[in-house]
Amino acid sequence: MPAIEPTPALPDILGHGLKVVFCGINPGVDAAAAGHHFLGRGNRFWPVLHLAGFTPRQLAPQEDGMALDFGLGLTAAVARATHRADQVQTDEFAQAAAELTAKIALYQPQCIAFLGKAAYAGMTGKRELAWGEQPQRFAGARVWLLPNPSGLNRGFSKEMLVQAYAALHRALL
């Protein structure tokens, strides 16, 4: 039987002095293999980011490194790539919390925006969560919960995503 090669982890795009680090749940298999964040055909992250005012034009996933030029960072709560975010086990978030906390403490962004509630809930144990800014800080950074931009998240239209992300953009001005 041939050995199965593990999918490589998607590299973080982080630096010092960032306005916000967008923290996805985990990378998709295709994104991890290609080495670019939010690569999925149906993923609405890049158009929403632009329409919400974070970038002057829509970046392509292959330009994800340019996020730093706009004071934006990209990471994932759990490094393991999956086909769907619901394949991440609850205990994986708790196991990944220390590593994410260390990253945020090191780079000290103004804010960390969790894309979806699952990762933040799994890392903090909080169950009653509202969208938007949270009262607690995460490794010193303000915390925002934003709807996941995945094309599989049909509970939020593109317009609703833009409104939610734009609220964060305004709060960081």
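A residue is called buried when its relative accessible area is under 20%, exposed when that area is over 50%, and partly exposed in between (1.4 Å probe, protein chains only). By this rule, buried residues make up 50% of the 173 residues in the protein. The structure is a predicted model, in which local features need pLDDT of at least 70 and side-chain atom pairs count only at pLDDT 80 or more, while totals for chains, interfaces and linings use all residues. Residues are numbered from 1 along each chain as its sequence is written, and side-chain values use heavy atoms, with hydrogens and water left out.

Turning to the fold, the protein has 5 helices and 5 strands (DSSP runs of H or I, at least four residues, and of E, at least two, numbered from the N terminus). Along the sequence they follow the pattern β-α-α-β-α-β-α-β-β-α.

The interior comes next. A nonpolar core is a set of buried Ala, Val, Leu, Ile, Met, Phe, Trp, Tyr and Cys residues joined through side-chain atoms within 4.5 Å. The largest such core has 26 residues, with V20, F22, F45, F54, Y165 and L168 making the most contacts inside it. At least two core residues come from each of β1 (20-24), α2 (45-51), β2 (72-76), β3 (111-115), β5 (142-146) and α5 (158-172). The largest share, 6 residues, is supplied by α5. Another core, of 24 residues, lies apart from this one and includes L14, F93, I112 and A141.

Contact means heavy atoms within 4.5 Å. Among contacts between residues at least 6 apart in sequence, 69% join residues at least 24 apart.
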